[in-house]
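Please keep the sequence and the structure open while reading.

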Amino acid sequence: TSLKAALPPVARGRTRFPLSLPGHSAFHTPLMAPMAAELEQTPPFAPPTSPLVDGSGRLWPAGGEACDVAALREYTIHEQVVAPYRFAHSLETAIGALDPEVLVLLGPGAGLGGAIGQVLSCMRWRGIDSKAAFAQAQRSDRPALITLPPAGAAPAAEAAEERPLAINE
């Protein structure tokens with residue numbers, strides 16, 4: 001991988017670094033520049049049919065001439081690949097600009113559920129100001145977050161509030 005090629009091996013006891021974790025990489029760092037270069041082959045984008053918020057917190061309007069599609073493509077295949085993804089800022093922008101009734105976590109899986117709960121708590125969105133308030137909202141008939149199951153999986157029986165709120169993004 002590009003990470004292993006960029007970093008010299010280091011031994012700590014019996015463990016050699018860098019380690020490669022399954023499904024992980026140096027996402028959103030300059031070490032992904034070779035991947036960004038490969039993405040140059042990506043065809044032109046069509047205008048989005050819904051507003052988008054990118055990893056820098058920029059709002060891209062839906063449709064036609066309202067959205068600079070060339071700039072969106074440039075951001076997506078370059079900056080988003082090699083620069084930090086400002087998850088909390090992006091979520092705050094989306095909620096502030098789009099005023100959703102509910103958030104839908106598309107996945108894969110529910111790994112960001114805790115981080116989303118933390119952002120909602122910091123924003124005090126819909127009165128959510130703690131882990132307990134987030135859990136209560138999730139048990140209500142109007143949950144704050146809906147988590148979709150991974151492709152091919154049956155819907156999960158557990159609610160999103162059962163996933164821990166951890167500082168991780």
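In this predicted model, the largest pocket is lined by 30 residues, and those that lie nearest its centre are Tyr85, Phe87, Leu105, Gly107 and Leu112. The volume of this pocket is about 1200 Å³, and its lining divides by class into 22 nonpolar, 7 polar and 1 charged residues.

**Where the pocket lining comes from**
- Helix 3 (69-82), helix 4 and strand 5 (103-105) each contribute at least two residues to the lining of the largest pocket.
- Helix 4 provides the largest share of that lining, with 6 residues.

**Serine 90 in helix 4**
- Helix 4 spans residues 87-98, and serine 90 is one of the residues found in it.
- Serine 90 counts as buried because its relative accessibility is 5%, where the cut-off for buried is under 20%.

- Helix 6 covers residues 131-139, and within it Ala133, Phe134, Ala135, Ala137 and Gln138 are buried.
- As a general point, an α-helix has 3.6 residues a turn, so residues three or four places apart point the same way.

**Aromatic rings and charges**
- A search for aromatic pairs across the whole structure returns 0.
- The ring of tryptophan 60 has the charged end of arginine 58 sitting over it, at 3.7 Å from the ring centre.
- The ring of tryptophan 125 likewise has the charged end of an arginine over it, in this case arginine 126, at 5.2 Å from the ring centre.

**The chain as a whole**
- The chain contains 6 helices and 6 strands, which follow one another along the sequence in the pattern α-β-β-α-β-β-α-α-β-α-α-β.
- Of the 169 residues in the chain, 28% are buried.
- When contacts between residues at least 6 apart in sequence are taken together, 59% of them join residues at least 24 apart.

Technical notes: Residues numbered from 1 in each chain as written. Predicted model: local features only at pLDDT ≥ 70, side-chain atom pairs only at ≥ 80, totals over all residues. Heavy atoms only, no water. Helix = DSSP H or I, 4+ residues; strand = E, 2+ residues; numbered from the N terminus. Buried < 20%, exposed > 50% of the residue type's maximum accessible area, 1.4 Å probe, protein only. 1 Å grid on protein atoms, 1.4 Å probe; cavity = no way out; pocket = protein on both sides within 12 Å on 5 of 7 lines; lining within 4 Å. Points joined across faces, edges and corners; volume = space filled by probe spheres on them. Nonpolar A, V, L, I, M, F, W, Y, C, P; charged D, E, K, R; others polar. Phe/Tyr/Trp six-rings, centres within 6.5 Å; stacked < 30°, edge-to-face > 60°. Lys NZ or Arg CZ within 6 Å of the ring centre and 35° of its normal. Contact = heavy atoms within 4.5 Å.
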